[in-house]
Amino acid sequence: MQKRTGKIIKRSLLALLAVLVILVIVYWDLVVYGIRQGKGQLNIVWNARPVEEVMKDPAFPDSLKAKLVLIERVRKYAIDSLGLKDTKNYKTLYDQKGEEIMWVVMACEPFRLKAKEWDFPIVGSVPYKGFFNKDRAVKLRDELDKEGWDTSIRNPGGWSTLGWFTDPILSKMLERDEGDLANLIIHEMVHATIFVKDSVDFNENLATFIGDRGAEQFLISTHGKDSKEYLTYIGEDADFLKYSDHMLRGAEALDSLYKAMNDNDSKERKLALKKNMIQKIVFSLDTLSLTIHKKPSDRFKERLPNNSYFMNMKRYQSQQELFWDDMNTQFGGDLKAY
């Protein structure tokens, strides 16, 4: 009986091993990607210094120590006044040595506002792929370019590992002004608090909304509504809202253009119509009444934005009015309750 049981267990283990081997072969690219990402993230976590240690370092600039103190105050405010999850995040500092450490590749169909998505365990489908190696990011972008996608690469100011790792403060974060830094920390703390699988647009829009409004309330509680810090933040936020609203309207115009295109239209004609529309969107940016950047079209002097850019704008900004209305109508404007 024992001998027979042993054979059954042995066969079951061999079958399980065979299944695992098959899965590794089928998902080899994903396995390799996951290992590289895990290695890159572990390198950051391993080489991050505790903030307490940095604060005692006489060689570390006092101006940057003040930013570390600020981040801890933002953390406490986000936990106590906004109800966000208390974690061990942002209690260590990783020195980027002035270099970028993450490159995010995004792609979109050329004549439709539909992003390319990659499937991953746990998080589900996501419309971007991050790399800790610039060459690998550029290689993927070039491959997608050849396939006909509209592509882009960006360097994120921060990211959340959703509890898989302890997220450190990145040294480049300390280059931001007070309001922008508070916004970023709260934004990433939202991701660590709530994450809905296969719903990247919802996750990013929600984190943007709470980051924007949370930073505003933090500055009011810390400095008051007449303070330079608050007025600077509000001015920059107002400018960006006008800019993002314009670009979202542009995305709607592009969407209408693509839907109106005829299947018999040549690719050349479609590209010409697309370029003409995007030029109109960009050139009309300068009609906006902005306080800080008087000629926002200058940012696209070298290269026009493509579908990937407009999709990324929608990913972070398209649901802001919806969240604002929900907070005010259902929760009386109470951000923590919301």
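Colleague: What is the mean pLDDT of the protein?
Modeller: The model is predicted, and its mean pLDDT is 91. Of its residues, 91% reach 70 or more.

Colleague: Which element has the lowest mean pLDDT, and which the highest?
Modeller: Helix 1, residues 2–26, has the lowest, at 46. Helix 4, residues 62–80, has the highest, at 98.

Colleague: And where does pLDDT stay under 50?
Modeller: Over residues 12–27. The model has one contact beyond four places in sequence for that stretch. Where pLDDT is low, the predicted coordinates should not be read in detail.

Colleague: New topic. What is the strand order in the open sheet?
Modeller: The order is 1-2-8, three strands with mixed pairing.

Colleague: In which sense do strand 2 and strand 8 pair?
Modeller: Parallel, over two bridges. Strand 2 covers residues 92–94. Its Leu93 stands opposite Ile169 in strand 8.

Colleague: What else is Ile169 in contact with, leaving aside neighbours within four places in sequence?
Modeller: Its contacts include Val51, Leu68, Ile71, Tyr90 and Leu174.

Colleague: Which residues touch the most other members of the largest nonpolar core?
Modeller: Leu68, Ile169, Met173, Ile185 and Ile186. That core has 45 residues.

Methods. Residues numbered from 1 in each chain as written. Predicted model: local features only at pLDDT ≥ 70, side-chain atom pairs only at ≥ 80, totals over all residues. Heavy atoms only, no water. pLDDT = per-residue confidence, 0-100. Helix = DSSP H or I, 4+ residues; strand = E, 2+ residues; numbered from the N terminus. Contact = heavy atoms within 4.5 Å. Pairing = 2+ DSSP bridges. Core = buried A, V, L, I, M, F, W, Y, C linked by side-chain atoms within 4.5 Å. Buried < 20%, exposed > 50% of the residue type's maximum accessible area, 1.4 Å probe, protein only.
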